[in-house]
Amino acid sequence: MKRFLETINVRELLQPLAQMILFSLGSGAVLSVIVILLALLLDQTAAGQFLLERNKVTILTYTLVNLPQVVLDGLTIGFVYAAIALGYTMVYGVLEFINFAHSEIFAVGAFVGVEFLILLKSFEIIPATSLFMSYLWLIAAILAAMFVAGLLAVSVERIAYRPLRGAPRLVPLISAIGVSFFLQDAIRLIESLTTGQFHRIIPSFGNFDERLVFSKIALGASTIELGIQVKSIIVIVAAMLMLIGLNYLVNATKVGRAIRAVAQDRSTASLMGIDVNRIISLTFLIGGTLGGAAGVLYALKFTRIDPFVGFFPGLKAFTAAVLGGIGNLTGALLGGIVLGMLETFAGAYMSAFTMGAAGAEYKDIFAFSILILVLIFRPHGLMGENVTQKA
Amino acid sequence: MMLEIKNLHVYYGAIHALKGINFHVDEGEIVALIGANGAGKSTTLSTISGLLQPSQGNVTFRGEDITITPAEQTVQKGIVQVPEGRKIFATLTVMENLEMGAYTQRNKKQFQKDLENVFTIFPRLKERQNQLGGTFSGGEQQMLAMARALMSHPSMLLLDEPSMGLSPILVEQIFEIVQDINKQGTSILLVEQNAQMALSIADRAYVLETGEINLQGSAQEVLHNPMVIEAYLGGH
């Protein structure tokens with residue numbers, strides 16, 4: 001045991017943790033400053049007066065009391081995006097190809113996890129069980145989703161991408177879009193044949209829906225509770241563990257070195273004795289399992305899923321991957337957190353800042369504006385490298 | 001015969017790159033394969049190591065037919081190719097590059113031994129083992145590429161244009177190292193455009209022209225062949 005512990009590279013465990021904290025605090029702080037400045041600017045304008053009349057608070061107070069909640073919510077969704085974005089980025093790193101079916105791998109993961117829990121409920125195993133068992137069942141659901149989604153991702157590569165390996169770059173991309181539609185409709189078909197309905201709701205069990213309240217703040221006539229839902233904590237912790245595990249695998253193990261070598265130069269890697277096809281399958285497996293787990297976490301957080309549940313999170317995670325620099329793992333993490341935060345900030349404050357003219361439903365504008373801006377002004381992303389170090 | 005190539009035909013799409021070549025390398029030899037750009041030299045090496053598949057012919061290594069052995073399994077047979085243009089992993093450190101070279105090595109003691117050996121041959125790599133491969137100069141990258149290949153403990157090294165883009169002094173150094181590696185018991189198949197240098201260290205040589213071997217013999221014979229002097233040595 002002691003020898004085993006000595007072989008663990010502690011630095012590679014701490015580094016991603018530090019990065020996550022830095023990225024979370026950094027993006028949280030920057031966005032907070034922006035909304036506070038906006039609130040100060042808008043205080044004397046019509047928007048400020050409007051809020052004062054309606055809610056009996058100044059726009060600045062409104063902004064400040066909501067801030068902690070917004071940051072926590074932003075983190076929760078940001079980590080889900082990061083976990084999905086890693087699937088895009090890993091596959092891109094190795095194959096230089098965007099796996100547009102990844103959002104459906106995510107959806108399949110969500111369905112597997114939710115159906116597993118619904119099954120447990122139909123056997124009356126949940127919700128009438130101890131808290132400890134509830135957590136174990138949730139973990140089991142996540143593992144089942146990871147297993148199925150991982151296998152599915154590997155099969156998709158084997159069937160739909162590998163035969164097209166030598167083809168022009170557009171060809172596997174179109175194949176991926178085809179796989180994406182196929183999987184969407186496959187979920188629809190299976191769900192309507194077996195359950196008769198497309199959308200499923202995750203059973204409520206354990207203490208996941210409870211809310212830990214830190215403090216209460218009086219806001220005009222009403223009070224606001226500052227707190228975090230247990231399930232948000234679960235999402236953040238689970239995503240963090242996965243991201244740390246992945247970082248360790250890629251940066252500190254032999255197989256991770258092989259993945260990086262294949263990403264750089266496939267034929268030279270094979271000259272070293274690396275079985276390139278196995279490494280490619282492995283990256284799809286890793287991306288798929290992360291996506292599947294993210295699917296269950298997403299379902300846990302937002303409760304309702306349907307066969308198209310993967311579309312928007314998938315597109316946003318793709319945006320996150322591009323924002324961070326596609327092919328770069330740390331970049332995907334940064335991109336996911338920034339995007340999740342930005343979106344939640346927009347959703348929370350747009351309505352107040354525009355006197356209700358543009359509400360939370362317009363928050364997607366921000367995510368996709370970022371995609372366009374990044375593609376125009378910084379195509380290699382925030383952390384993408386310009387490596388051209390070949391002799 | 002350690003390595004034997006018989007009647008090898010290779011196509012790149014419609015291009016007939018190798019038109020039935022025959023040659024061999026004996027245990028402990030340095031054999032040079034010289035020829036102009038596009039003669040098929042790199043194609044020959046890539047076919048031996050399994051990156052390319054021939055349409056006809058055989059590659060036999062120590063009595064075993066390895067014609068269709070895929071590249072990742074050729075290493076385990078004891079043949080390793082140092083590709084043209086070094087192809088080191090630029091975003092991996094020197095140490096990680098060397099670890100990749102030893103990818104198939106499961107024995108930790110042997111790994112340490114090979115590492116020490118490589119550091120004795122290339123002391124500069126030891127000093128800079130935590131540096132990224134991409135920050136190296138061309139000569140250093142060539143050394144790293146050779147060191148990486150040696151980490152698999154090969155009995156035969158396939159060197160593709162080790163002199164490419166290097167200054168004469170560096171070429172001199174690299175070729176001395178090649179000779180040292182050979183003296184340690186590794187057989188070498190050397191592909192070169194720099195015929196003069198290649199022939200000066202080789203035991204035997206083959207001249208490859210547009211996919212065919214037109215001349216063969218001891219390095220001295222080839223070096224003094226009028227046709228070779230005319231075509232490759234800037235002869236008079």
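How much area is buried between chain A and chain B, and what percentage of this area do carbon and sulfur atoms give? About 2200 Å² is buried, and carbon and sulfur atoms give 61% of this area. Buried area is the accessible area (1.4 Å probe) that the two parts lose on being put together, summed over both. The views below come from a predicted model, in which local features need pLDDT of at least 70, side-chain atom pairs count only at pLDDT 80 or more, and totals for chains, interfaces and linings use all residues. Residues are numbered from 1 along each chain as its sequence is written, chains are lettered from A and ligands numbered from 1 in the order in which they are written, and side-chain values use heavy atoms, with hydrogens and water left out.

**View 1. The interface of chain A and chain B.** Contact joins 22 residues of chain A to 28 residues of chain B (heavy atoms within 4.5 Å). A:Gln264, A:Leu271 and A:Met272 supply 31% of the area that chain A buries against chain B, more than any other three residues.

View 2. Two salt bridges are found between chain A and chain B (a side-chain nitrogen of Lys or Arg within 4 Å of a carboxyl oxygen of Asp or Glu). In one, A:Arg260 meets B:Glu96, with the closest N and O atoms 2.8 Å apart. On the side of chain A that touches chain B, helix H9 (254–264) and helix H10 (266–271) each supply at least two residues. H9(A) gives the largest share, six residues. Helices (H or I, at least four residues) and strands (E, at least two) are DSSP runs, numbered from the N terminus.

**View 3. B:Arg204 in strand S9.** B:Arg204 belongs to strand S9 (residues 204–209) of chain B. Its relative accessibility is 17%, so B:Arg204 counts as buried (under 20% relative accessible area; exposed is over 50%, partly exposed in between; 1.4 Å probe, protein chains only). The B:Arg204 side chain makes polar contacts with the side chains of B:Glu29 at 2.6 Å and B:Tyr206 at 2.9 Å.

**View 4. S9(B) and its partners.** Five of the six residues of S9(B) are buried, so this strand is largely enclosed by the rest of the structure. S9(B) pairs in the parallel sense with strand S3 (residues 30–34) over four bridges. Strands pair if DSSP finds at least two bridges between them. B:Tyr206 stands opposite B:Leu33. Antiparallel to S9(B) runs strand S10 (residues 212–218), joined by six bridges. Here B:Leu208 has B:Ile213 as its bridge partner. Two residues separate the strands of this hairpin, where B:Thr210 takes a positive phi near 40°.

**View 5. B:His9 between two strands.** Strand S1 (residues 3–12) of chain B runs antiparallel to strand S2 (residues 15–25), with eight bridges. S1(B) also pairs with strand S4 (residues 56–61), antiparallel, over five bridges. B:His9 has B:Lys19 as its bridge partner in S2(B) and B:Gln56 in S4(B).

**View 6. B:Val82 in strand S6.** B:Val82 lies in strand S6 (residues 79–82) of chain B. B:Val82 counts as buried because its relative accessibility is 1%. Beyond four places in sequence, its contacts include B:Met146, B:Leu158 and B:Asp160.

Methods
A polar contact is a pair of N or O atoms within 3.5 Å; within protein, one must be able to donate a hydrogen and the other to accept it, and residues adjacent in sequence count only if both atoms are side-chain atoms.
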